[in-house]
Amino acid sequence: MKKTVLSGIRPTGDLHLGNYFGALKNFVKMQDEFNCYFFVADYHSLTTHPNPENLRKNTRRVLANYVAAGLDPKKCALYIQSDVQEVVELYLFLNMSAYLGELERSVTFKDKARQQPDNVNAGLLTYPVLQAADILIHKAHFVPVGKDQEQHLEMARTLANRFNHLYKVEYFAEPQAYNFGEQLVKIPGLDGSGKMGKSEGEANAIFLGEEPESIRKKVMKAVTDSGPTEPNQEKPEAIKNIFQLMSVVSKPDTLDFFENAYNTCQIRYGDMKKQLAEDMILFTAPFRERINDLLADEKGLDAIAAEGAEKARISARKTIDEVRGIIGF
Ligand code: TYM
C-alpha cells in the first residue's frame with residue numbers, strides 16, 4: 001500500500017518561485033510514489049476576512065497554479081478544502097481537546113496576533129486545529145512542511161494522541177514531517193535579504209503567472225550595490241541572492257559569464273538584472289500560459305475541482321463516520 005501524503009496551500013493568489021521550488025515541484029515528483037492529497041486551504045484564509053470575490057478568485061488561481069505546475073488530477077486528489085465539509089466536523093471534535101494555553105503558545109498565532117491586533121479571532125487561535133483536521137481526516141502519514149509549520153504538525157500529533165487516549169482507541173496514527181532536505185533549492189527574494197515570500201511585499205517575489213513587464217520592473221529594482229573593488233571578492237548577501245536566482249533560471253554559460261565579470265570587477269549589475277529578468281520570463285512563460293488557459297476555461301477548472309472533491313470526500317466520509325462512532329453518536 002502506498003503511504004499517504006497531504007499538503008495545503010492558502011489561497012493568496014498566484015504562487016511564487018519560492019512556493020514552486022519549495023513545495024510544488026516536489027509535490028509533482030511525489031504523485032507517483034504516494035497516495036497524494038493536495039488542497040487549497042480556503043477555510044484557513046477566512047481568518048483574515050477576505051471578500052467573497054477575492055476568496056473565489058484566489059482559490060481558483062491557486063488551483064490553476066497547482067495544475068500548471070504539473071499536479072495531475074488523475075494521479076492525486078486535488079481539491080478545494082471547503083468542498084470537503086467533513087473537515088469542519090473533525091475540526092469541531094478536535095477543538096474539544098485543544099487547550100487554550102497550548103494554542104496561545106503557537107508561534108504563528110503570536111505572529112498573527114501582532115500583525116492584526118484588531119482581529120485576533122478564535123479561528124486564528126484554532127488555526128492549527130483545523131490544520132490537524134485536514135491531515136487526520138485522510139490519516140496522512142507524511143506532511144511536507146517548512147520549518148515554520150513544524151509546530152503545527154506537532155499539534156496534529158498531540159491531538160491525534162489525545163483523541164486516542166480520550167476514547168481509549170488506537171485510531172489515529174501520528175503524521176510525520178516529510179523533509180525535502182537536500183533536494184530543496186534556496187530561492188531568495190529580490191529585496192536583498194531572506195527568502196522569497198509574499199509577506200515581505202509583492203515586489204520581493206516573482207509569481208508563476210506574472211506578466212513579463214512586471215517581472216522586468218521588479219528584477220530591475222532588485223537590491224544590489226556599487227560593485228566589487230577587488231578581484232575574487234566575497235559577495236555580499238544581496239549579490240549572492242541575485243547570483244542564486246540566476247543559477248536557478250539561467251543557462252550555466254550565462255551564470256559563468258557574470259561570475260567571471262564579478263571576479264574581475266567588470267560586472268554591470270544593470271546588465272545582469274536585464275539578463276536575469278529575461279531568463280525569469282522564459283522560465284515562467286509556460287506556467288503563465290497554462291494558468292491563463294486553465295482560468296479561461298471555467299467549466300474545465302470546475303471539473304478538476306469536482307473530481308478532486310469526490311476523491312477527498314470518500315476518504316473524509318469514512319473517517320468522519322468512524323470518528324462519530326467512536327465518540328458515541
Ligand atoms: P505554507 O503556505 O507555509 O506552505 C505551503 C506548503 O508548502 C510546503 N512547504 C514545504 N515543504 C517542505 N519543505 C519546505 N521547506 C517547505 N516549505 C513549504 C508545505 O507542504 C506547506 O504546507 N498552514 C499551512 C497551510 C495548510 C496546511 C494544512 C499544510 C493548511 N492545512 C495541512 C499542510 C497540511 C501553510 O501556511 O503552509
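To follow the first stop, you need to know that axes are lines fitted to C-alpha atoms, for helices over the stretch in contact, and that angles run from 0 to 180 degrees between N-to-C directions. Helices (H or I, at least four residues) are DSSP runs, numbered from the N terminus. This is a predicted model: local features need pLDDT of at least 70, side-chain atom pairs count only at pLDDT 80 or more, and totals for chains, interfaces and linings use all residues. Residues are numbered from 1 along each chain as its sequence is written, and side-chain values use heavy atoms, with hydrogens and water left out.

**Stop one: helices 10 and 11**

Select residues 237-249 (helix 10) and 252-263 (helix 11): their axes come within 9 Å and cross at roughly 160°. Helix 10 and helix 11 are therefore roughly antiparallel to each other (angles over 145 degrees count as that). Their crossing is left-handed, meaning the near helix is turned anticlockwise from the far one by less than a right angle.

Now show side chains. Ile 239, Phe 243, Met 246 and Ser 247 of helix 10 are in contact (heavy atoms within 4.5 Å) with Thr 254, Leu 255, Phe 258, Glu 259 and Tyr 262 of helix 11. That set splits into six nonpolar, two polar and one charged. Here Ala, Val, Leu, Ile, Met, Phe, Trp, Tyr, Cys and Pro count as nonpolar, Asp, Glu, Lys and Arg as charged, and the others, Gly among them, as polar.

**Stop two: on to helix 12**

On helix 11, pick Thr 254, Phe 258 and Tyr 262; on helix 12, pick Tyr 269, Asp 271, Met 272, Gln 275 and Asp 279. These contact residues divide into four nonpolar, two polar and two charged.

**Stop three: the ligand**

Next, look for polar contacts, pairs of N or O atoms within 3.5 Å. An N or O atom in the Ser 7 side chain is 2.6 Å from a ligand oxygen atom. For Gln 131, a side-chain N or O atom is 3.0 Å from a nitrogen atom of the ligand. At Val 145, look at the backbone: an N or O atom there lies 3.4 Å from a ligand nitrogen atom.

Terms used: Helices (H or I, at least four residues) and strands (E, at least two) are DSSP runs, numbered from the N terminus. Angles under 35 degrees count as roughly parallel, over 145 as roughly antiparallel, 65 to 115 as roughly perpendicular and the rest as oblique. A polar contact is a pair of N or O atoms within 3.5 Å; within protein, one must be able to donate a hydrogen and the other to accept it, and residues adjacent in sequence count only if both atoms are side-chain atoms.
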